[in-house]
Amino acid sequence: MSDLTQLLRRDLPASIVVFLIAIPLSLGIAAASGAPLLAGLVAAVVGGIVAGALGGAPLQVSGPAAGLTVIVAGAVAEFGFAGTAAIVAVAGLIQILLGVSRMGRAALALSPAVVHGMLAGIGLVIAVSQIHVLLGGAPQSSAWQNLRDLPAQIATHHGVAALLGGLTVAILIIWPRVVKISLLPAALVAVVSMTALAVAIGADVERVNLPDEPLSNLIQPAWPDAPLREIAIAAITIALVASVESLLSAVAVDRMHDGPRASLNRELVGQGAANTISGLLGGLPVTGVIVRSSTNVAAGARTRASSIMHGLWIAAFVLLFAGLLETIPMAVLAAVLIVVGLRLVSLAQIKTYARHRELPTYMVTALGVVFTDLLTGVALGMITAAVLILWRLTRCEIRRVQQADGEWLVTITGTLAFVESARLIRELGALPNAAKVDVELHLDYLDHGAFETIRDWQEAYERSGGHVRIREVHDSWFSQATSGRLGGGKRTPRLVGSWSRWQGMDHQRRDAMAAGIAEFERSVAPMVRPHLADLARDGQSPEQLFITCADSRLVPNLITASGPGDLFCVRNVGNIVPPHGTADSSAGAAIEYAVDVLGVSTITVCGHSGCGAVRALMSDAAGKGSALGDWLALSGVRFTDSSDEEQCCTDNVMQQLANLRTYPTVRAAEAAGRLRLTGLFFDLAEARMYEVDPDLGARPMAVRPPSTQSGSPENSEDDRLTGAAA
């Protein structure tokens with residue numbers, strides 16, 4: 001597809017969709033910030049054009065964001081908007097310095113629980129303040145005052161503004177569930193329909209107020225008449241929050257597409273340039289906005305041209321059709337902001353942080369932002385995160401269980417340091433005398449003090465007639481300390497090693513399966529049980545259908561570093577996909593179930609070196625009429641060079657990808673952009689994965705980390721970071 005064709009078919013329609021969303025959101029964010037409404041539109045134009053052209057995330061769309069509303073509102077109240085605009089320009093210069101200094105990775109070191117807690121708190125502050133506007137009243141200066149006055153506001157305001165706002169909220173909630181047309185986003189439908197209703201009934205409500213000559217009424221920034229320390233704090237706060245929000249959004253957008261990865265340092269420079277220009281033109285701060293960016297990707301954008309064009313459309317609309325914007329009721333914009341704010345409080349994120357025991361950090365940050373201020377809330381969240389980390393680093397779980405045969409099992413899990421010695425002595429001292437005790441260590445770390453505690457207890461217990469056996473799972477801290485090598489060397493984790501690596505060979509031959517199950521239930525099940533319990537309750541939602549060979553040497557979850565719920569697997573001899581309509585329908589049933597029911601986004605066919613099925617096809621060793629021969633005949637593969645086994649393996653993978661496209665459900669999903677087909681080749685001897693690329697003559701191509709996909713050495717360091725963060 002040529003660049004011009006791609007621009008017209010992909011980027012142009014996407015830019016229109018994003019433009020339609022950006023107009024109401026920009027106006028609403030400006031209103032919630034206490035800034036002139038034109039300032040929100042200026043930021044949208046500058047964010048689209050400048051950040052879109054200079055930024056390092058090509059598909060990210062920038063503009064005024066809800067995450068900065070609380071900060072900007074405070075700055076406007078303290079410095080006035082002209083002073084705030086000057087501070088925004090300075091914040092942009094700080095961002096440029098951060099980008100030039102290659103500090104992009106530092107922003108991602110902040111705990112996601114703190115960042116998402118901050119956004120949740122901001123969302124609650126926005127929602128609580130805008131409820132007053134929706135009801136036809138005025139918001140107070142703090143979240144606590146808004147909460148305190150809300151009952152009286154609800155009791156006394158039931159006018160047309162409240163009706164329009166309530167209907168707007170209903171449309172925003174219901175529309176996406178009923179209508180799946182991307183060209184008609186819910187925010188646009190709600191604002192247009194409620195504005196038309198207000199005009200039709202002649203509603204006497206407060207409306208958008210824009211200057212008659214937008215270009216001549218741009219507010220000029222003025223240096224605030226305030227102490228330098230206060231100005232510096234405001235500028236640094238805006239710069240840091242805008243940077244973190246933009247970089248997190250860029251990382252999230254990277255997960256949504258297969259194009260070039262984001263260069264985080266370049267993105268900081270682009271965002272800084274946009275903020276400097278926005279401040280000089282009297283606009284709000286600019287950040288990467290995940291709502292607009294995800295819409296941009298979903299609408300089919302392929303290059304940064306989409307973001308740039310969306311900024312141009314906003315500028316043209318403001319200059320030519322400002323009168324239409326002035327018919328929008330403020331209560332309708334407030335309703336949009338309420339929904340946007342509440343969506344910053346994600347129930348899915350709350351469940352995730354609860355599962356990972358990070359909910360206290362999230363909640364402390366969110367409530368701190370609501371009831372104090374943003375900086376205090378973030379500081380409280382960071383302190384909470386640090387306290388939890390220290391608590392986990394010095395905490396372990398000790399369990400004593402008497403088994404059916406009368407022996408005792410003591411399981412110690414986590415990090416065992418000297419500070420736990422007193423509790424360890426107490427737990428071990430509670431064991432009866434002269435018993436047989438198995439001590440099972442599942443340790444991430446063992447320091448010398450804790451090691452001596454266990455060793456001294458073992459020696460004393462055995463002197464009193466008891467018997468102690470110490471076994472380690474996943475690592476060998478205790479045995480290393482016994483041999484004087486604490487902290488040096490590693491052994492093969494039992495999760496990776498085969499039966500023969502951690503059992504005696506005689507034992508392996510007799511009851512390897514039963515012993516392996518027992519080992520799983522003892523050492524692995526406690527770690528995966530919470531995750532499996534969630535899957536048992538919520539059902540499976542794998543991202544990939546993984547079709548691979550039944551060869552015992554190929555372990556899908558091992559070679560893809562995946563876990564329960566990640567892969568929907570089909571394994572057979574030769575990773576064959578019989579074409580649609582053939583006698584064998586088992587693979588077809590799995591394909592249709594994966595695409596139509598599970599909604600997987602990717603189907604991967606993975607071949608491997610030394611494949612017996614491919615060798616049989618190469619030599620025509622499988623006789624016709626045999627079950628194996630009939631099965632292999634379904635592959636339909638024709639080798640380009642039957643003397644090259646590796647080539648034949650990749651030929652087979654490509655043929656199975658072609659067979660996949662004979663299924664109507666696959667063709668339909670792929671045409672709709674919901675499904676991607678990929679081919680892989682795993683070299684057993686190298687333990688390395690390759691991507692099968694038909695454009696390179698069916699030769700395997702090494703799977704590259706995101707660092708090399710941008711094609712620019714300058715971006716490699718940032719791209720590695722983006723891939724790791726994602």
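**A walk from the sheet to the cores**

Let's start with an open sheet of four strands, ordered S3-S4-S5-S6 with mixed pairing; two strands pair if DSSP finds at least two bridges between them. Helices (H or I, at least four residues) and strands (E, at least two) are DSSP runs numbered from the N terminus. This is a predicted model, in which local features need pLDDT of at least 70 and side-chain atom pairs count only at pLDDT 80 or more, while totals for chains, interfaces and linings use all residues. Residues are numbered from 1 along each chain as its sequence is written, and side-chain values use heavy atoms, leaving out hydrogens and water.

At the edges of the sheet sit S3 (396-402) and S6 (467-472), each pairing on one side only. Strands S4 (residues 408-416) and S5 (residues 436-446) pair in the parallel sense over nine bridges, and Leu416 has Leu446 in S5 as its bridge partner.

Now for the nonpolar cores: sets of buried Ala, Val, Leu, Ile, Met, Phe, Trp, Tyr and Cys residues joined through side-chain atoms within 4.5 Å. Buried means under 20% relative accessible area, exposed over 50%, and partly exposed in between (1.4 Å probe, protein chains only). The largest core has 83 residues, and Leu325 is one of those that touch the most other members. Helix H2 (residues 37-54) gives the most to this core, with eleven residues. A second, separate core of 41 residues includes Phe568 and Trp631.

Finally, the cysteines. With a disulfide defined as a pair of cysteine sulfur atoms within 2.5 Å, the count is zero. Cys611 is buried, at 2% relative accessibility; its sulfur lies 4.1 Å from the closest cysteine sulfur, in Cys549, so the two are too far apart for a bond.
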